[in-house]
Amino acid sequence: VNALEVLMTGLINLAFTAIFSLVGAFAILAFGLMLLARYLYLSFLLIVAPIAWLFWVIPALSGEFRKWWDKFLKWVFFAPAVSFFFYLAFASLAGLKNSTAQYLAGGGFGGFIDSILSKGAQMIVVTGLMLGGIIMAESMGVSGAKASMGLATKVGKGAKVWAGKQAARGAT
């Protein structure tokens, strides 16, 4: 092993560690800020909930209730979805470390190339899952809100039909 290869391996490891740390810190900071925004949104939405539910009763204002309900469900579903993707990122990091150790134990290509392959693969997979998870959770929150809104609408219509039948039965 020559000194240049050791120096290059050390520099590659340092570069990947620095880049991964910055991207990971950015993703965790974004996650924290989005959770803070979630907390603020949900707090505000819960404060105005009685007014929103009043809008549901008034037919002319039912559209405002739907807007409130969409926002509420979006922010409720956001945290579990993004937490799942962060869990996947950290679980895959542990799995990648194990598979890299097994690869290196089998001989590998050489110190310099092994460093690039192992650190690069770990960095790409984990940062992709973390950043992609934030993006996907945002869109999943919207999809979850729409699905829940559809279910709530069906339940509401069913409740109206049931109430109408009970009122008709009570009148007879």
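Is Lys-67 buried or exposed? In this predicted model, Lys-67 has a relative accessible area of 51%, and because the cut-off for exposed is over 50%, Lys-67 counts as exposed.

Lys-67 has a charged partner. Glu-64 forms a salt bridge with Lys-67, and the closest N and O atoms of the pair are 3.5 Å apart. Side chains of opposite charge can pair when their charged atoms come close. The two residues both belong to helix H3, and because they are three residues apart there, about one helical turn separates Glu-64 from Lys-67. Glu-64 has a relative accessibility of 37%, so this residue is classed as partly exposed. The count of salt bridges in the model comes to one.

The largest nonpolar core has 23 residues. Those with the most contacts inside this core are Trp-68, Trp-69, Phe-72, Val-82, Phe-86, Met-130 and Ile-134. Two or more residues come from each of helix H1 (3–47), helix H2 (49–57), helix H3 (62–105) and helix H4 (111–171). Of these, H3 gives the most, with twelve residues.

Met-130 shows what surrounds one of these core residues. Apart from its neighbours within four places in sequence, Met-130 is in contact with Gly-24, Ala-27, Ile-28, Phe-86 and Ala-89. Phe-86, one of these contacts, is itself among the core residues with the most contacts.

Ala-89 leads on to a polar residue. The side chain of Ser-92 has a polar atom 2.8 Å from the backbone oxygen of Ala-89. Ser-92 is part of helix H3. Its relative accessibility is 19%, and since buried means under 20%, Ser-92 counts as buried. What does Ser-92 touch, not counting residues up to four places away in sequence? The residues in question are Val-125, Val-126 and Leu-129.

Trp-53, Leu-54, Trp-56, Val-57, Ile-58 and Leu-61 make a nonpolar surface patch of about 560 Å². One of them, Leu-54, lies in helix H2. The relative accessible area of Leu-54 is 48%, which means that this residue is partly exposed.

Notes
Residues are numbered from 1 along each chain as its sequence is written. This is a predicted model: local features need pLDDT of at least 70, side-chain atom pairs count only at pLDDT 80 or more; totals for chains, interfaces and linings use all residues. Side-chain values use heavy atoms; hydrogens and water are left out. A nonpolar core is a set of buried Ala, Val, Leu, Ile, Met, Phe, Trp, Tyr and Cys residues joined through side-chain atoms within 4.5 Å. Buried means under 20% relative accessible area, exposed over 50%, partly exposed in between (1.4 Å probe, protein chains only). Helices (H or I, at least four residues) and strands (E, at least two) are DSSP runs, numbered from the N terminus. Contact means heavy atoms within 4.5 Å. Patches are made of residues with over 30% relative accessible area and no salt bridge: like charges are joined within 9 Å, nonpolar side chains (Val, Leu, Ile, Met, Phe, Trp, Tyr) within 5 Å. Accessible areas come from the Shrake-Rupley method with a 1.4 Å probe; for residues, only the protein chains shown count as cover. A salt bridge is a side-chain nitrogen of Lys or Arg within 4 Å of a carboxyl oxygen of Asp or Glu. A polar contact is a pair of N or O atoms within 3.5 Å; within protein, one must be able to donate a hydrogen and the other to accept it, and residues adjacent in sequence count only if both atoms are side-chain atoms.
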